[in-house]
Amino acid sequence: MSIRLTILGKSPSWQDRDGACSGYLLELAGLSLLIDCGSGVFAKLRSHHDYARIDAVIVSHLHADHTLDLVPYAYALTVGPPLRADRPLLYAPPGARDAWRRLCSAWGSETLIEDAFELREYDPDGELELNGVRVRFQPVPHYVPAYALELRCSGEDGRLVFSSDCGPNEELVEFARGAELLLIEATRLDQPLRDDEDPNEPPGHLTAADAGAIGRRSGVGRLVLTHFSDQLDPDQIRAQAQAAFGRPVELAREGERYEI
Ligand SMILES: [Zn+2]
Ligand SMILES: [Zn+2]
């Protein structure tokens, strides 16, 4: 086993009953990484890991459901019990520092996030090397700049790819090709457009069938759907994804662990 994934939150932009928005704990090469930190994730993280011992947080995009619990996390690190001397790394898309300053200035704490974390805006064309863990980025189409993530241990084959939030795209098919596990969003209902939706606008999210098709075409080992509401019928989502994937598909459940 080289990568352990724990689902902390798999809700879409509003939480499931007792759930959390996007948040995934990854343990690999002796590091503990938090991927995204949406609403409700900080409390879930505390059930599974010491928040002060997270080595780095990596944010896939700046939507609220992927970032808002950085606020309580930052308060825990700055005004909570002193637990570590250095600050966890926080890798975020370009523009994050300004965006979080604007957000936190609403209550007069402009530098809250960068006071708590060692904030670094990543270069989406570059690659991160974190003590034996390599992270790559792939821009994907969404309503704001968003990046799929690939994580693997240096010198090992096992790869985990997370789609971030995205509409249908070819880039993710190539980026995920041959990955052991693809954690992929499946937010959009397979139904006619609402009156306020523009048929000429490309969708910013995937249906379960879209997710299954991307998984099949990229030849991934395991396909795990996430970012769907508990108000939907899980059997229907799974059936739609499996019909397109051609093999069994797993639905992310909070607290569930996957080992690669
Ligand atoms: Zn989202
Ligand atoms: Zn989003």
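Let me start with a definition: helices (H or I, at least four residues) and strands (E, at least two) are DSSP runs, numbered from the N terminus.

Two remarks on conventions are in order. This is a predicted model, in which local features need pLDDT of at least 70 and side-chain atom pairs count only at pLDDT 80 or more, while totals for chains, interfaces and linings use all residues. Residues are numbered from 1 along each chain as its sequence is written, chains are lettered from A and ligands numbered from 1 in the order in which they are written, and side-chain values use heavy atoms, with hydrogens and water left out.

I turn to the overall fold. The protein has eight helices and 14 strands. Its radius of gyration is 18 Å, close to the 18 Å that the globule rule gives for 260 residues, so the protein is as compact as a globular protein of that length. Here the radius is taken over C-alpha atoms, and the rule is 2.2 Å times the number of residues to the power 0.38. The C-alpha trace spans about 50 × 45 × 35 Å along the principal axes of the protein.

How much of the protein counts as buried? The value is 52% of the 260 residues, where buried means under 20% relative accessible area, exposed over 50%, and partly exposed in between (1.4 Å probe, protein chains only). The accessible surface comes to about 11600 Å², and 46% of this belongs to carbon and sulfur atoms; such areas come from the Shrake-Rupley method with a 1.4 Å probe, and for residues only the protein chains shown count as cover.

Among contacts between residues at least 6 apart in sequence, 63% join residues at least 24 apart.

Leaving out residues up to four places away in sequence, S60 touches D36, H66, P93, Y122, A146, Y147, F162 and S164.

In general, a pair of aromatic rings is described by the distance of the centres and the angle of the planes. Rings of Phe, Tyr and Trp (its six-membered ring) pair if their centres lie within 6.5 Å; planes under 30 degrees apart count as stacked, over 60 as edge-to-face and the rest as tilted. A search of the whole structure finds seven aromatic pairs. In one of them, the ring centres of Y122 and Y147 are 5.7 Å apart and the planes are at 85°, so this pair is edge-to-face. Y122 lies in the loop between β6 (118–121) and β7 (127–130), and Y147 in strand β9 (residues 146–153), so the pair ties together parts that are 25 residues apart in sequence. Both Y122 and Y147 are buried. Elsewhere, ring pairs link F42, Y51, Y73 and F117 into a cluster.

L28 is found in strand β2 and is buried, at a relative accessible area of 2%. Beyond its neighbours within four places in sequence, L28 is in contact with S2, I3, L33, V133, R152 and C153. I184 lies in strand β11 (residues 181–185) and counts as buried at 0% relative accessibility. Its contacts, not counting residues up to four places away in sequence, include L172, L206, I214 and V224.

Which backbone angle of D18 is positive? It is phi, at about 60°, although D18 is not a glycine. D18 is placed in the loop between β1 (3–9) and β2 (23–28) and counts as exposed at 67% relative accessibility. A29, in the loop between β2 and β3 (31–35), also has a positive phi, near 50°; at 41% relative accessibility, A29 counts as partly exposed. N200 is found in the loop between β11 and α7 (208–218) and counts as exposed, at 69% relative accessibility.

Definitions and conventions
Contact means heavy atoms within 4.5 Å.
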